[in-house]
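Biologist: Before we discuss any packing, could you take me through how such features are to be read?
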Amino acid sequence: MGKSSKKQSSKAGLPPGTLVHVGKKRSTQVKINVIDYNAEVYEVSESVPVQELSSFQNADTITWIDINGLHDLEIIKSIGEQFELHGLLLEDVVNTTHRPKVEEYDDHIYLTLKMLGIGASRKSIISEQVSFILGDNWLISFQEREGDVLESVRSRLSENKGIIRKQGADYLLYSLIDTIVDNYFFVSEYFSDSIEKLEEKVLIETNTLILQEIQQQKKLLLNFRKSITPLREAISSIQKEESVLVKSSTTRYLRDVYEHLLQLTEIIESHRDLIASVMDLYLSGESNKMNKTMQVLTIIATIFIPLTFVAGIYGMNFDEMPELHWKYGYQAVWGLMGVIFILMLIFFRRKKWL
Amino acid sequence: MGKSSKKQSSKAGLPPGTLVHVGKKRSTQVKINVIDYNAEVYEVSESVPVQELSSFQNADTITWIDINGLHDLEIIKSIGEQFELHGLLLEDVVNTTHRPKVEEYDDHIYLTLKMLGIGASRKSIISEQVSFILGDNWLISFQEREGDVLESVRSRLSENKGIIRKQGADYLLYSLIDTIVDNYFFVSEYFSDSIEKLEEKVLIETNTLILQEIQQQKKLLLNFRKSITPLREAISSIQKEESVLVKSSTTRYLRDVYEHLLQLTEIIESHRDLIASVMDLYLSGESNKMNKTMQVLTIIATIFIPLTFVAGIYGMNFDEMPELHWKYGYQAVWGLMGVIFILMLIFFRRKKWL
Amino acid sequence: MGKSSKKQSSKAGLPPGTLVHVGKKRSTQVKINVIDYNAEVYEVSESVPVQELSSFQNADTITWIDINGLHDLEIIKSIGEQFELHGLLLEDVVNTTHRPKVEEYDDHIYLTLKMLGIGASRKSIISEQVSFILGDNWLISFQEREGDVLESVRSRLSENKGIIRKQGADYLLYSLIDTIVDNYFFVSEYFSDSIEKLEEKVLIETNTLILQEIQQQKKLLLNFRKSITPLREAISSIQKEESVLVKSSTTRYLRDVYEHLLQLTEIIESHRDLIASVMDLYLSGESNKMNKTMQVLTIIATIFIPLTFVAGIYGMNFDEMPELHWKYGYQAVWGLMGVIFILMLIFFRRKKWL
Amino acid sequence: MGKSSKKQSSKAGLPPGTLVHVGKKRSTQVKINVIDYNAEVYEVSESVPVQELSSFQNADTITWIDINGLHDLEIIKSIGEQFELHGLLLEDVVNTTHRPKVEEYDDHIYLTLKMLGIGASRKSIISEQVSFILGDNWLISFQEREGDVLESVRSRLSENKGIIRKQGADYLLYSLIDTIVDNYFFVSEYFSDSIEKLEEKVLIETNTLILQEIQQQKKLLLNFRKSITPLREAISSIQKEESVLVKSSTTRYLRDVYEHLLQLTEIIESHRDLIASVMDLYLSGESNKMNKTMQVLTIIATIFIPLTFVAGIYGMNFDEMPELHWKYGYQAVWGLMGVIFILMLIFFRRKKWL
Amino acid sequence: MGKSSKKQSSKAGLPPGTLVHVGKKRSTQVKINVIDYNAEVYEVSESVPVQELSSFQNADTITWIDINGLHDLEIIKSIGEQFELHGLLLEDVVNTTHRPKVEEYDDHIYLTLKMLGIGASRKSIISEQVSFILGDNWLISFQEREGDVLESVRSRLSENKGIIRKQGADYLLYSLIDTIVDNYFFVSEYFSDSIEKLEEKVLIETNTLILQEIQQQKKLLLNFRKSITPLREAISSIQKEESVLVKSSTTRYLRDVYEHLLQLTEIIESHRDLIASVMDLYLSGESNKMNKTMQVLTIIATIFIPLTFVAGIYGMNFDEMPELHWKYGYQAVWGLMGVIFILMLIFFRRKKWL
């Protein structure tokens with residue numbers, strides 16, 4: 001979260017239903033696009049003024065209203081009035097720190113989740129909150145900013161690929177969720193790659209930078225899991241509660257999404273185990289490094305301390321030291337030292353230190 | 001808990017229903033404020049004598065009786081008699097070490113929770129127990145001392161903001177709980193900040209003070225969680241049990257509070273993970289420090305021990321040591337030492353110790 | 001468990017219903033006290049012979065038969081026959097290693113739990129098994145030995161404090177359990193104190209004694225939890241199963257006990273976390289100690305090894321060593337050594353080792 | 001499991017119901033003993049030929065057929081045909097690696113569990129699979145080999161102790177299970193003793209042998225738990241499912257067994273915690289040992305390195321070294337060294353290293 | 001997963017029901033074998049063209065259609081049309097990264113699982129996804145490639161062993177699953193062996209290679225568990241949901257498979273505990289190695305530093321050093337050194353370092 005973003009706590013003390021935009025303040029215009037379609041018709045309207053939205057509501061076609069930008073509260077309020085949405089619902093829409101959830105109202109279903117992607121530099125995960133409101137034959141989507149991963153759904157609509165044009169708004173909702181969840185697999189593969197790279201790095205060397213990277217991956221994974229687990233529960237609850245808004249044929253498709261989320265949960269758990277293992281490798285690497293350092297010290301000290309002692313002996317100034325006067329005394333000392341040196345080498349070789 | 005506070009165990013052996021004030025003894029007067037309102041009327045009475053409270057009970061308006069101070073047991077008893085409250089309920093009100101809980105009685109609901117705030121120095125978390133008793137059209141709140149985070153609710157009442165004046169006592173209760181829970185996010189952000197600061201500190205240096213701070217944060221987080229988890233369950237149980245005192249419209253609002261508490265639980269779990277990570281960083285920092293110390297020792301010892309040995313050799317007093325009589329013997333020894341020194345430097349450079 | 005106590009396994013191979021006293025063998029007499037009371041009457045009979053107990057059973061009053069001592073199996077058997085108790089029930093009464101549990105029979109309820117206290121030296125936890133059998137208007141309690149924490153209940157009975165004399169045997173049972181559970185808070189505070197003391201000690205020094213103390217506290221806490229968790233479940237099951245022996249008014253009181261036990265469970269979990277933290281502090285303290293030792297060694301070695309090398313140089317016996325013949329050569333060497341020494345000090349100061 | 005024993009995987013690819021003896025191959029004869037009894041009659045037949053078993057089946061008495069040895073598949077098959085047992089049941093009987101379980105068939109109940117004992121040397125746990133098939137008034141038990149812990153039941157039968165002769169086959173089954181479970185407490189006490197001994201050893205010294213012992217205890221405990229947990233569930237399921245084969249009076253007794261198993265589960269969890277603590281003690285002991293080693297090195301090096309430096313100084317060969325010519329120079333140097341030595345001692349005393 | 005294999009994320013953005021082969025691309029021909037049988041008839045047809053498959057569907061016999069290879073999407077699609085299979089089902093068939101699951105459709109059941117085996121070098125685990133579609137009297141199996149562990153089932157069919165020819169397609173399905181699950185025990189024994197070998201290695205020496213092996217085993221075990229746990233749930237759900245396609249007699253057999261999977265889950269948990277223990281052994285081995293290194297250093301330093309000091313003393317050049325002029329001064333110094341040496345040896349012997 002950036003410095004300029006409002007925090008959840010900034011809402012404390014306000015009456016419920018008060019709209020407070022919790023998230024990054026943006027200067028761009030809120031852009032509203034509408035796609036109106038049925039099996040025969042397909043019509044796209046870009047930058048529709050907010051007042052005209054209600055005209056789409058009771059039409060004979062399926063209407064997808066896509067709102068890009070949450071910071072203009074007047075627009076949100078106006079939509080709320082036109083579609084008779086509950087105050088708390090709108091509050092959730094503009095609070096971009098909310099955990100994924102689903103809520104059923106009398107004549108619409110509210111669902112919010114995170115759209116995740118990998119940053120251009122493949123170094124960060126980009127998160128954007130998307131909220132959906134599913135009505136009888138309309139679907140409103142709220143995105144934090146323009147640009148999303150939903151192009152494939154739009155092209156299926158425009159090119160009439162698959163069965164999407166023949167189905168209702170609930171199938172459209174499913175298609176959008178499915179596409180977003182499919183993108184989670186990119187994120188999960190990003191983690192697989194990152195952890196594998198970290199593991200390789202840790203086996204080569206250990207330093208504080210790598211430690212910080214491990215720490216960083218842990219945090220990102222915690223955040224990723226926070227997007228998955230509540231969504232899984234939300235999808236599961238749509239499946240179970242029999243709403244007239246979601247046809248039973250779509251329910252079967254949602255089960256597929258649910259299973260993808262289950263698979264993701266398991267993958268995340270594996271990733272957590274793997275990061276813990278990488279941390280173990282790191283700590284063991286540190287301890288290994290120390291062992292190596294100690295061995296160098298021990299080898300040097302163990303070889304030279306006795307030799308220095310021998311040299312010390314013959315540096316003494318006693319009047320009577322017969323060896324000093326031997327003809328080959330000096331050479332004998334060198335010989336003695338050579339023997340000591342070789343014995344030490346054998347000793348270290350046995351200990352596999354050399 | 002201060003030194004002068006009574007402990008839970010001081011109640012052992014007393015008959016149930018005996019009022020024992022478990023908490024800090026205060027010398028201040030207990031202050032009772034009453035707010036009486038409906039959509040048209042709004043009246044505040046400060047420092048109301050306890051005997052007059054029952055006169056508010058059966059009025060046509062919603063009455064919020066706010067009691068500041070729990071140490072005067074006579075007042076508590078008198079209220080208990082006027083509003084026909086169960087003895088165990090009053091016992092819970094004055095026991096400020098109680099965990100959050102909700103209890104339904106025949107014609108009132110009892111709910112107790114912790115009001116949390118950050119101390120002025122941003123170094124400590126201030127906790128105060130607040131108990132609510134919700135009756136038909138009245139709400140009694142018991143606070144440990146004057147001063148709270150509920151001013152925003154009072155101003156909404158006085159300025160008739162939102163729908164609060166049009167709703168019943170149950171909505172007032174919800175508004176108060178919601179405000180208190182919103183304040184928990186300040187505490188959770190305090191933890192985010194503290195842990196981030198700790199992490200930065202740990203990456204710079206490791207010492208026992210930081211260790212104690214980590215320990216301290218762990219304890220605070222344990223306490224914070226103790227305020228959240230049982231409250232979440234309590235709110236969930238109000239929602240599920242259909243009481244005549246809580247209208248179904250308010251239930252929907254309570255679900256919102258419940259979700260905030262759920263979100264807080266998840267945040268706390270993340271914080272715990274993060275503190276554990278900071279501890280890991282600390283331990284790894286310690287081990288890193290040792291590694292560094294060992295490297296310094298090893299470098300110095302490994303360079304100078306062989307050199308000292310060479311010097312020792314030519315300090316020997318043998319009669320026949322040809323090198324001693326060479327013209328440039330001394331210079332040659334310096335040269336030899338220089339070569340050894342440079343070889344060592346290369347060796348350490350290879351090991352990336354220098 | 002002392003050396004002279006029988007173990008659970010000593011029962012292997014005996015037919016079910018065989019009474020085997022598992023626990024410390026005592027030489028003292030089994031003492032049976034009877035309190036007979038109703039709202040008007042209150043009569044205490046001490047050291048009642050076992051044969052006369054049945055005479056109290058069908059009386060118009062509530063009868064509390066308090067048996068102190070389990071080692072005289074004849075007495076237990078005789079009671080079993082007079083009150084028509086199941087063989088397995090009596091087996092459980094005399095097996096003092098049993099976990100807390102409740103069992104409903106056709107016309108009585110059996111409940112066993114641990115009465116805990118702090119030893120005189122505040123160093124140990126004293127545990128005694130207490131079993132209750134609740135009949136229509138009688139209650140039998142079995143204690144391992146004389147002396148208990150129940151005096152306050154007796155005085156409430158004799159002085160007719162509270163509502164105890166107006167209620168049935170079920171309320172008496174509740175009062176006794178409540179008093180015992182209230183005493184658990186003393187034990188829990190004993191742990192709070194012990195762990196805090198350990199934490200302080202560990203921050204000052206680390207040695208094997210402290211390690212053993214930590215280990216000891218862990219074991220005690222494990223045992224404490226073994227007394228709490230099954231009791232909580234037992235109390236919960238009395239509440240839920242609607243027995244004619246326990247009135248619904250008493251059930252509400254039992255819920256209070258249940259909540260105390262829940263609170264205790266949470267406190268114990270916190271204590272476990274804290275002990276784990278103390279262990280972490282200990283290990284980190286050990287590692288810190290090592291760091292300190294290494295620094296001393298490194299400082300000394302790093303300062304003196306180069307200096308000794310310099311001294312070694314000028315101890316060489318080369319014919320031509322110009323420095324040796326300088327007028328202030330010796331002083332110059334001291335100067336050189338001083339410079340090396342100061343550089344080293346600066347180096348260590350920078351590393352914050354000094 | 002020995003080298004000659006077949007493994008579970010050796011069954012892969014065979015049709016279900018194929019009998020494969022998974023376990024140790026034995027050369028001994030399979031021995032079949034039959035006890036036939038009711039309240040009046042008691043008759044033992046040893047080494048009954050397998051063809052005659054069916055003659056016992058429809059008798060007026062309770063029949064316990066005890067088969068010692070599972071390796072003769074012909075015998076097992078013959079029994080299966082005489083008593084009309086399901087193929088999968090027989091497959092389970094001869095597969096001695098099976099986890100404890102219970103299975104209800106139309107007119108018999110199948111239960112398999114592990115009979116555990118301590119080896120003669122008190123070093124190992126001996127495990128034997130026992131399977132029971134409970135019919136209307138007959139019980140078949142399959143044991144891996146002769147010799148068991150069930151003698152006490154046989155003597156209760158022969159001496160008509162307790163109520164066993166007056167009850168049906170279900171009570172006999174209960175008595176056998178109860179005896180086997182009672183023996184588990186011996187095993188649990190074996191663990192208590194082993195862990196306590198390990199703890200004492202670890203506090204005295206740490207070496208790889210102790211580490212291997214800790215590892216060994218961990219594995220044994222894992223195996224022990226594998227015998228307990230599924231059996232507990234099995235017993236619980238017999239209790240709940242109301243089978244005509246198990247009378248409700250026996251169900252109460254089985255609850256007792258269930259509770260013993262619950263108690264064992266808790267004891268095992270404590271043991272696991274304790275072994276983890278012993279491992280902690282071990283690691284801390286290792287680290288303590290290192291600390292001690294480092295202190296010795298540091299003390300020696302810190303005392304002698306400065307002293308050696310002083311000696312080095314006065315071994316230099318400068319022409320002008322005034323101290324060398326002082327009358328008491330040599331003594332002065334000794335004095336200086338003494339002062340350094342004492343200062344060092346004070347320093348170490350302060351650090352509590354000496 | 002190889003480099004050439006497509007990943008799960010490659011499906012993002014495609015309409016649901018689009019067949020994308022996620023897995024290794026193969027160049028071999030897809031081979032379809034059909035076995036047609038009942039109690040009397042048995043007929044094998046190899047390499048059947050895909051168009052002729054539907055002719056088998058409504059026959060009087062049980063038909064097992066075995067498809068080897070998933071990369072030819074045209075064939076998959078054609079089968080889907082002939083047998084009226086749901087689009088999502090076919091999508092799952094060709095996505096070989098799917099977790100095991102079962103799904104019931106109106107007139108067929110879909111089940112997918114992993115067939116595991118040990119590689120020829122006993123170094124790796126080979127995994128292949130197998131999907132089954134069970135119809136009224138037909139069963140289709142999809143395998144990734146030719147070669148499987150199902151030969152034993154085929155021979156039981158051809159040789160009319162056991163009851164397999166007398167039962168329906170559900171029993172065939174059970175037989176195939178049972179055979180695959182039985183093969184899991186080979187994998188589990190492979191882990192037992194690997195972990196035991198690792199444990200032995202770790203007790204002998206510790207190095208980074210062993211660390212990587214431990215890490216590798218952890219990952220394999222995580223993968224193995226991912227094949228077991230969801231399959232267990234799937235089998236359990238077939239058992240519970242009463243489908244007309246699975247006869248109740250077969251359900252009992254499936255319970256057997258379920259129990260094998262339960263047993264495998266427990267074994268895997270034990271393996272995880274054991275790997276964690278091996279990691280502990282490794283770390284303790286590292287620390288032990290360091291201890292040993294430190295002891296060598298300490299012994300050498302502690303013996304020779306004092307001796308060198310003594311030699312240093314008598315290398316000083318003081319004018320007045322009486323010892324230097326003693327007759328046996330030199331010998332006395334040797335004696336002194338000998339005494340110091342012996343004292344040191346005794347000291348180390350006491351510390352059990354030698």
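Modeller: Axes are lines fitted to C-alpha atoms, for helices over the stretch in contact, and angles run from 0 to 180 degrees between N-to-C directions; helices (H or I, at least four residues) and strands (E, at least two) are DSSP runs, numbered from the N terminus. This is a predicted model, in which local features need pLDDT of at least 70 and side-chain atom pairs count only at pLDDT 80 or more, while totals for chains, interfaces and linings use all residues. Residues are numbered from 1 along each chain as its sequence is written, with chains lettered from A and ligands numbered from 1 in the order in which they are written.

Biologist: At what angle do helix H5 and helix H7 of chain E pack?

Modeller: In chain E, H5 (residues 169-204) and H7 (residues 248-313) pack at about 15°, their axes being 10 Å apart. Angles under 35 degrees count as roughly parallel, over 145 as roughly antiparallel, 65 to 115 as roughly perpendicular and the rest as oblique, and H5(E) and H7(E) are therefore roughly parallel to each other.

Biologist: Which residue classes make up the contact of H5(E) with H7(E)?

Modeller: Counting Ala, Val, Leu, Ile, Met, Phe, Trp, Tyr, Cys and Pro as nonpolar, Asp, Glu, Lys and Arg as charged, and the others, Gly among them, as polar, this contact has 21 nonpolar, 5 polar and 3 charged residues.

Biologist: How do H5 and H7 of chain D cross?

Modeller: The axes of H5(D) and H7(D) come within 10 Å and cross at roughly 15°, and their contact has 21 nonpolar, 5 polar and 3 charged residues.

Biologist: What ipTM does the predictor give the complex?

Modeller: The complex has an ipTM of 0.75, with a pTM of 0.81.
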